[in-house]
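Take a look at the fold below.

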Amino acid sequence: QARVLLRAAATGEVPVVRAVSLTAHPAPPRARTPAAEARTHRVFATRVGLVGASTANGHVIRERDHFVALPSRRGLSPRGTGDYSVKVCAGNGRCAWAAVRDVGPWNTRDDYWNPSSVRQNWADLPRGRPQAQAAFQEGHNGGLDQYGRRVRNPAGIDLGDGTFRDALRLTDNSWVTVTYLWTGHGPAGTVVTPGIPLNVRATPDTTLPPVGLAGDDAMLRLQCQAHGRSATGSQGTTDLWLRLSPGYWVSRAHVSAPALPFCPR
């Protein structure tokens with residue numbers, strides 16, 4: 001995937017792209033790049049709603065939908081993909097994994113997860129501080145967003161109803177911890193349960209209640225795999241599970257993923 005960033009010249013001339021050509025060449029052999037942690041920031045989350053409306057990437061919002069919105073197209077997944085996905089964790093210990101399918105809240109050019117050297121707008125703010133948060137809390141830009149509207153809450157992410165209510169079990173707008181999964185590198189998989197969220201469990205065992213949910217198309221950062229236990233099986237089964245991080249596991253059967261080493265015992 002390639003994205004082109006256009007910047008107007010100081011003279012006011014508007015740049016135009018007429019064609020883009022990409023050529024792939026085999027990469028030279030090299031040692032495997034070690035996994036790197038993705039950026040994580042604590043931001044205020046609000047609920048999207050808007051069932052039946054279309055998002056910025058053309059997705060039609062369903063009842064109890066699992067997706068999120070971020071205030072910049074630089075973090076927007078193409079329709080039907082989870083190229084840009086996040087992990088969202090609430091104060092109650094529950095986490096959600098969801099694709100970014102819409103742009104908002106408040107601003108649309110605020111890629112606050114990026115360093116100031118490449119941040120599209122508001123480069124004067126610290127990395128990880130949404131402009132809406134700075135406007136609401138500190139009066140940044142006179143307390144207004146990019147459209148001149150008075151900012152009424154510090155939101156830096158919007159959550160679909162399913163992510164908000166079912167995955168995180170929130171009852172009101174709340175501060176959450178967000179990991180922007182595309183900013184890291186290492187093994188990754190994709191949830192392949194169209195329209196149905198995938199249970200995330202504390203151990204590789206379906207007899208235990210879920211500790212979170214992963215929406216369809218969501219990117220998952222993966223560490224290793226292990227044999228687990230199913231609710232219909234006995235002690236030992238051949239079911240394979242994938243560890244996202246300590247305390248978070250998903251069934252291998254519902255994830256498109258590369259081969260992984262087995263987790264150390």
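## A strand with two partners

In which sense do E7 and strand E10 pair, and over how many bridges? E7 and strand E10 (residues 219-221) pair in the antiparallel sense, over three bridges. Strands here are DSSP runs (E, at least two residues), helices are DSSP runs too (H or I, at least four), and both are numbered from the N terminus. Two strands pair if DSSP finds at least two bridges between them. Ala188 has Arg221 in E10 as its bridge partner. E7 is also joined to strand E14 (residues 255-256) by two bridges, again antiparallel. There, Val191 has Val255 as its bridge partner.

Strand E7 (residues 188-191) has two faces. Gly189 and Val191 form the covered face, while Ala188 and Thr190 form the uncovered one. In a regular strand, side chains alternate between the two faces of the sheet.

## About the model

This is a predicted model: local features need pLDDT of at least 70, side-chain atom pairs count only at pLDDT 80 or more, and totals for chains, interfaces and linings use all residues. Residues are numbered from 1 along each chain as its sequence is written, and side-chain values use heavy atoms, leaving out hydrogens and water.

## The whole chain

The chain has two helices and 14 strands. Its radius of gyration, taken over C-alpha atoms, is 20 Å. Along its principal axes, the C-alpha trace spans about 70 × 50 × 35 Å.

Buried residues make up 47% of the 265. Buried means under 20% relative accessible area, exposed means over 50%, and partly exposed lies in between (1.4 Å probe, protein chains only). Contact means heavy atoms within 4.5 Å. Among contacts with a separation of 6 or more, 65% link residues 24 or more positions apart.

## The cores

A nonpolar core is a set of buried Ala, Val, Leu, Ile, Met, Phe, Trp, Tyr and Cys residues joined through side-chain atoms within 4.5 Å. The largest one has 43 residues. Val86, Trp97 and Ile157 have the most contacts inside it. Strand E4 (residues 95-103) gives this core its largest share, five residues. A second, separate core has six residues, including Trp106, Ala132, Ala135 and Ala155.

Now zoom in on Val86. Leaving aside neighbours within four places in sequence, Val86 is in contact with residues including Val68, Leu70, Trp97, Ile157 and Trp182.

## Helix H1

Which residues of H1 are buried? They are Gln131, Ala132, Gln133, Ala134 and Ala135. Their cover includes strand E1 (39-47), strand E5 (155-159) and strand E6 (174-180).

Gln133 sits in helix H1 (residues 131-138). Its relative accessible area is 9%, so Gln133 counts as buried. Beyond residues up to four places away in sequence, Gln133 touches Arg42, Glu138, Pro154 and Trp175. After H1 comes Gly139, with a positive phi near 75 degrees.

## An open sheet

Three strands form an open sheet, in the order E11-E12-E13, with antiparallel pairing. Strand E11 (224-227) and strand E13 (248-251) are the edge strands, each pairing on one side only. Four bridges join E11 to strand E12 (residues 240-245). Here His227 stands opposite Leu240 in E12.

Methods:
The radius of gyration is taken over C-alpha atoms; the globule rule is 2.2 Å times the number of residues to the power 0.38.
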